[in-house]
Amino acid sequence: MVKLTFLGGTREVGRACIHVESSDKSSFLLDCGINLGEKEEKRYPLEPPSAPHSIVLTHAHLDHSGFLPILVKNYKENIEAIFSTPVTADIAEVLLLDSLRLSKIRDDIEAPFDVEDVLYLRKHAVDVNYRVPLDIDGGQMILYRSGHIIGASMVWVEIDGHTILYTSDLNTRHSRTIYQADAEILPVETVIIESTYAHTNDRHPSLKKIEREFAEDVKRALNRGGKVIVPAFAVGRSQEAMLTLEAYVRSGFLPKVPIYIDGLIRKINEVYKLYWFLLRPEIRRQIRYTKQSPLESDIFRLVSDRDEPISSLEPCVVITTSGMLEGGPVVHYLKKLAEDERNLICLTGYQVEGTRGRQLQDGLRTIKIQDEPININCEVKSFDFSAHADQAGLLRFLSAIDGVQKVILIHGEESKSLNFAQRLKELKKSIDVEVPQLGKVITID
Ligand SMILES: [Zn+2]
Ligand SMILES: [Zn+2]
């Protein structure tokens, strides 16, 4: 018997956390994240029903990793291993230390963990390579490539005679930097799948088309003397945006204006350099021939003084964190640049409900930064550089797996998960489909 308890990430995007337990007393977690758009208790996952012995971390994004340091603080005696790909461990450490630093900037809140808790993760990290089986707490586990960000994984586990696949965040097509999700997966009974863009109305245009539109809009803004702010997640979307712009500048489509890089992106680019062998062949070839990562091209300028891009009289692009405008240097640029109607803000990723990014996406033109209202007179555009599969992609992915009896939908806004559940029930009548509520326990006998 396997018992799955959904501690977060149900009918929401955030605080991904699933507890897996079996009759022979295995107890481990799949991910352990926070909800970036929520405050207080809705920010964190629920308490696990029994002390976990290990954790599998699918990728570094904070909605999957953000609670880890608090968890290990509470369960130090019990936790023996944190399994992930090596690059996931490296990037998670950068993101967690950064979120600690940001929480220390504010006097009104106490940081919920400290540096030692983050270093504890490093000490107990177990490196896992894709497609190499490994023992986990009374069962077996295999990590597959999930195509979402560098090092991101799906987890296949066999425990007590049952097989489960947790897709985590899944991208079924190649991006500029990394490969798409593995399609050849061992047969599995129960699939826990994400549903961020799972609604029937969610259809991603081709990546080529999105990149072209992005370049055209950037060009238009630069030509009218404007500045372009690209708020982006430090991992994945930033590098995609950088390499898209680099390619369009190289081809002569975009003028060679300064492209400023600010925030955590700089540190993550260094990690990309270390793990260049995980990148797409085109980039690997470019690095081999030029002995230089395209992320280090001379069109990029690392920001040392934020006033430089702000007060310069020349048009420019600033790629900076955070992607949902909740913190990081982007807030500073918003304050100074959003009121000028020549400028352009390019949203590049999923915007969680409750974030400033979502407010802008929903058309709000006055947003508050530390109680100060900021008028958004500049142009705002969203580009679907999504690192998540759309409904068609999810369906294709599921159809390629043998033996599926049950599908559990998580990591999506309620309306999207329910819509996808309905569609799955119509298409695959023999499969049991479930959209769990927070705290739901699903037993597999
Ligand atoms: Zn993610
Ligand atoms: Zn996620």
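Entry 1: I began with strand S8 (residues 139–145) and S9, which run antiparallel and are joined by six bridges. S9 and S10 make a hairpin with two residues between them, and in the turn Asp160 has a positive phi of about 50°.

I then asked how many residues of strand S9 (residues 153–159) are buried. Six of the seven are, so the strand is largely enclosed by the rest of the structure. For this, a residue is buried if 20 or more other C-beta atoms lie within 10 Å of its own, exposed if 12 or fewer, and partly exposed in between, with C-beta atoms placed from the backbone.

**Entry 2: what I am looking at.** I noted that this is a predicted model, in which local features need pLDDT of at least 70 and side-chain atom pairs count only at pLDDT 80 or more, while totals for chains, interfaces and linings use all residues. Residues are numbered from 1 along each chain as its sequence is written, and chains are lettered from A and ligands numbered from 1 in the order in which they are written.

**Entry 3: the sheet around S9.** I placed these strands in an open sheet of seven strands with mixed pairing, in the order S7-S8-S9-S10-S11-S20-S21. Strand S7 (134–136) and strand S21 (432–434) are at the edges with a single partner strand each, so one side of each has no neighbour in the sheet. From one strand to the next the twist averages 25°; axes are lines fitted to C-alpha atoms, for helices over the stretch in contact, and angles run from 0 to 180 degrees between N-to-C directions. At one end I looked at strand S20 (residues 406–410), which pairs with S21 in the parallel sense over three bridges, and Lys406 has Asp432 in S21 as its bridge partner. Helix H13 (residues 414–427) lies across S20 and S21 and runs at about 160° to S20.

**Entry 4: a second sheet.** I found another open sheet, of six strands with parallel pairing, in the order S14-S13-S15-S12-S16-S19. Its edge strands, strand S14 (300–302) and strand S19 (379–382), each pair on one side only. Strand S16 (residues 344–347) pairs with S19 in the parallel sense over four bridges, and Ile345 stands opposite Val380 in S19. Helix H5 (residues 207–223) lies across strand S12 (228–231), strand S15 (317–320), S16 and S19, and runs at about 165° to S16.

Entry 5: The chain is divided into domain 1 (2–201 + 387–444) and domain 2 (207–382), with bounds that come from an automatic or database domain assignment. Their centres, taken over C-alpha atoms, are separated by 28 Å. The contact takes 27 residues from domain 1 and 25 residues from domain 2, where contact means C-beta atoms, placed from the backbone, within 7 Å.

The largest nonpolar core has 123 residues, and Ile18 and Ile319 have the most contacts inside it. Such a core is a set of buried Ala, Val, Leu, Ile, Met, Phe, Trp, Tyr and Cys residues joined through C-beta atoms within 7 Å. Helix H3 (residues 86–105) gives the most to this core, with six residues. Why does the core lie between domain 1 and domain 2? Both domains give residues to this core, so it lies between them. Leaving out residues up to four places away in sequence, I listed what Ile319 touches, including Val230, Met242 and Ile265.

**Entry 6: a loop residue.** Last, I looked up Asn129, in the loop between strand S6 (125–127) and S7. Is Asn129 buried or exposed? Asn129 is exposed, because 9 other C-beta atoms lie within 10 Å.

Methods:
Two residues are in contact if their C-beta atoms, placed from the backbone, lie within 7 Å. Two strands pair if DSSP finds at least two bridges between them.
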